[in-house]
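Here is a friendly walk through one protein model, meant to be read with the structure open beside you. Take a look at it below, and then we can go through its parts together.

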Amino acid sequence: MKEIVLVAINSRYTHTSLALKYLYANLKELQERAEILEFIINDKTQTVAEKILEKKPKIIGIGVYIWNAIDVHNLIETLKKVSPKTKIVLGGPEVSYQPFRVNFDKADFIIQGEGEISFYELCNDILKNRANPKIIKAKIPNLKEIKLPYSYFNDEDIKHRNIYVEASRGCPFECEFCLSAIDEKVQHFEMDILLDEFELLWQRGARNFKFIDRTFNLNITHANLLMDFFLAKDEPYSLHFEVIPDHFPEALKKRILQFPPASLQLEIGIQTLNNNVLENINRKMNLNKVKKNIDFLENSSNAHLHVDLIVGLPGESLESFAKNLNRLKMMTNSEIQIGILKKLSGTTLNRHDEKFGMIYSDIPPYDILKNDNLSFETIQKMKRFARFWDLIYNSGNFQKTVLSIFEDDVFEGFYEFSEWIYKQSDSTWQISLNRLSEYIFTYLTEYKNFNKTKIADTILADLTKVAERKIPKFLQNHISFTPYIRKKNITKQNKRQLLRE
Ligand code: SF4
C-alpha cells in the first residue's frame, strides 16, 4: 500500500520518466509513502488502472505529454469511476498551458510548470485536508536547492533504458513553435554535485546518457566540464546532446574531436534555412556559422549528427522546403529528421494563424493541416515523404541505393519516389525490409529504367552491411554477386549454396 503513486506513461519501454523521479526525490518525509509506477502507451487502460489502484493510493500524480495525453484522459476517466475519492494530480507540458485540447476535467488538481516544490506542498495539503485551487502555478524551483533524482534509476533502468540527465533548464532563445521559448531564465545545476551523481551512475553501469538540456552548448564552461568527465572514461559509452548549430567555440570543438566513433550524438535543430521564415518564427541563426559548424562536425569529428527540418512553418512554401532539404543534404550525409509543425498551447505560434492561414488539428500532436502555402493534400504527401525518408534514408539501410532515387535533385527525386511507393503500398506502416527493398528495386528498374543488375548489386551491398541478413528472393535472379563476394570473401562456387540459405 502506498498513499502517493506517481505514474508515468512512456512512449516506449526504453524511455523512463526523469520528471517523476524528480518529484519523488523531493517528497521529503512523504517519500516513504510514495512509489513510482511506469507504463507504456500500449498498455491497456484498465490494466494500468488496476495496477495503480492495487496500491490503494490517496493521491495519484500523472505526467502528461503530447504522446500520452489521450491515454491519460482515458486513464483518469477509469480511475475516477472505480475510485472517485482518490485525488488525481496532473502535471507536465501538456497541462501547463491553456487551452487544453484534451479534456482533463476529471483531474482534481493540475500543477503548471516545474513541480518539484509544488507537488510536495500539494500532497501535504491533500493529506491534511487543506483546500487548494484546481490549477496551481508551480513555484519555479532553485535548481541548486532541489534534490537530484539519479539514485532513483533502478537496476533495470540502468541496464536496459536511456538514462535521461540534465545540466540546465530553459533556453534563452524565443523560437515561436517551441515551449522552451517561454522559460523565463536559464538555470544551471551545481556542476560538482551533478558530476558526483553521474559518477555514481557510471559506477552502477550506466553507459547511455541522454542529456535533455535544450541548448547543451550554451554555457561552454559547463559543456566542457561535462565532456571532460566522459572523455576521462576508458569504457565505451553513448552520449546524446541537443545543440544549437551556430555556437561551437574552439574549446568545444577541441573536445568534440576527442570522442571516439559511436560515442557522441548531436541533435541539431535547423528547422529552416530560409531567412524570411526564420524571421517569421523569431529564430536567430547565423546561417554561415551553421554551415561551417556542420562542415566541421561532418568532416572532422566522429560525432553522429541528427539534424532537423520542419514542414509547415509560417511563410514556408514547398519550394522553400525543397531548397532547405537540398542545401542541408549538401552539408551533411547524416540523419535529417523531417518534422511536421505542431501548435503547442503556450507558444506564440497562433499570432500567425490569420496572416498565413494556419489551420491545425485539435487532436494531439496538434499538427498543421494546411496553410496558405501548403494545401491539406500537400501536407499529407509531406507526412508520407517524411515517413518514407525515415525508412529509407535515415535508417541507413539503403545508403548507396538512395543516391539513385535522389538522382540530381534530392527533394524532387525522393518526392517522386514517395508518391510512387505510396500508390503501391497504400500505407506507410508495417512494410518489411524485404518488401521495401523490392519496391525500391521495381521503382528504379521498371519506372526509372536503371540497369537491373546494377541496382540489384547496389541493394545487395546495402542490405548485407548487416552480416546476418539473407539475400532477398526477388534479388536472386538479378545480382552479379560481385559486391557480395567482395564483402564476404567467398568464392563463386558456393554462391548457389548461398542462394539456398
Ligand atoms: S527551438 Fe531550441 S533554440 Fe529555439 S527556443 Fe526551443 S530550445 Fe531554444
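## Aromatic pairs

The structure holds 37 aromatic pairs; rings of Phe, Tyr and Trp (its six-membered ring) pair if their centres lie within 6.5 Å, and planes under 30 degrees apart count as stacked, over 60 as edge-to-face and the rest as tilted. One of them is edge-to-face: the ring centres of Tyr-150 and Phe-198 are 5.6 Å apart, with the planes at 75 degrees. This pair links distant parts of the chain, 48 residues apart, with Tyr-150 in the loop between strand 6 and helix 6 (155–160) and Phe-198 in helix 7 (residues 191–203). Helices (H or I, at least four residues) and strands (E, at least two) are DSSP runs, numbered from the N terminus.

Are these two residues, Tyr-150 and Phe-198, buried or exposed? Tyr-150 counts as buried at 1% relative accessibility, and Phe-198 is buried with a relative accessible area of 0%. Buried means under 20% relative accessible area, exposed over 50%, and partly exposed in between (1.4 Å probe, protein chains only).

## How to read the model

This is a predicted model, in which local features need pLDDT of at least 70 and side-chain atom pairs count only at pLDDT 80 or more, while totals for chains, interfaces and linings use all residues. Residues are numbered from 1 along each chain as its sequence is written, and side-chain values use heavy atoms, with hydrogens and water left out.

Six strands form an open sheet with parallel pairing, in the order 2-1-3-4-5-6; two strands pair if DSSP finds at least two bridges between them. Strand 2 (34–40) and strand 6 (135–137) stand at the edges with a single partner strand each, so one side of each has no neighbour in the sheet. From one strand to the next, the twist averages 20 degrees. Axes are lines fitted to C-alpha atoms, for helices over the stretch in contact, and angles run from 0 to 180 degrees between N-to-C directions.

Strand 4 (residues 87–91) and strand 5 (residues 109–112) run parallel and are joined by two bridges. The bridge partner of Leu-90 in strand 5 is Ile-110. Helix 2 (residues 45–53) packs on this sheet, touching strand 1 (4–10), strand 2 and strand 3 (59–63), and its direction makes about 170 degrees with that of strand 2. Helix 5 (residues 116–127) also packs on the sheet, touching strand 1, strand 3, strand 4, strand 5 and strand 6, at about 160 degrees to the direction of strand 5. Contact means heavy atoms within 4.5 Å.

## A closer look at helix 5

Helix 5 has 12 residues and reaches 17 Å from its first C-alpha to its last, close to the 16 Å expected at 1.5 Å a residue; the expected span is 1.5 Å times one less than the number of residues. Nine of the 12 residues of helix 5 are buried, so the helix is largely enclosed by the rest of the structure. Among them are Phe-119, Tyr-120, Leu-122 and Cys-123. Just after helix 5, Asn-129 takes a positive phi of about 55 degrees.

How many disulfides does a search of the whole structure find? It finds zero, where a disulfide is a pair of cysteine sulfur atoms within 2.5 Å. Cys-123 counts as buried at 0% relative accessibility, and Cys-175 counts as buried at 9%.

## The sheet from strand 7 to strand 14

Another open sheet is formed by six strands in the order 7-10-11-12-13-14, with parallel pairing. Strand 7 (163–165) and strand 14 (335–340) stand at its edges, each with a single partner strand, so one side of each is left without a neighbour in the sheet. Neighbouring strands are turned by 20 degrees against each other on average, direction ignored.

Six bridges join strand 13 (residues 304–311) to strand 14, and the two run parallel. Ile-310 stands opposite Gly-339 in strand 14. Helix 7 packs on the sheet, touching strand 7 and strand 10 (208–211), with its direction at about 150 degrees to that of strand 10.

## Lys-21 in helix 1

Lys-21 is found in helix 1 (residues 18–25) and is buried, with a relative accessible area of 2%. Leaving out residues up to four places away in sequence, Lys-21 touches Thr-16, Ile-36, Glu-38, Pro-149, Tyr-152, Phe-153 and Asp-157.
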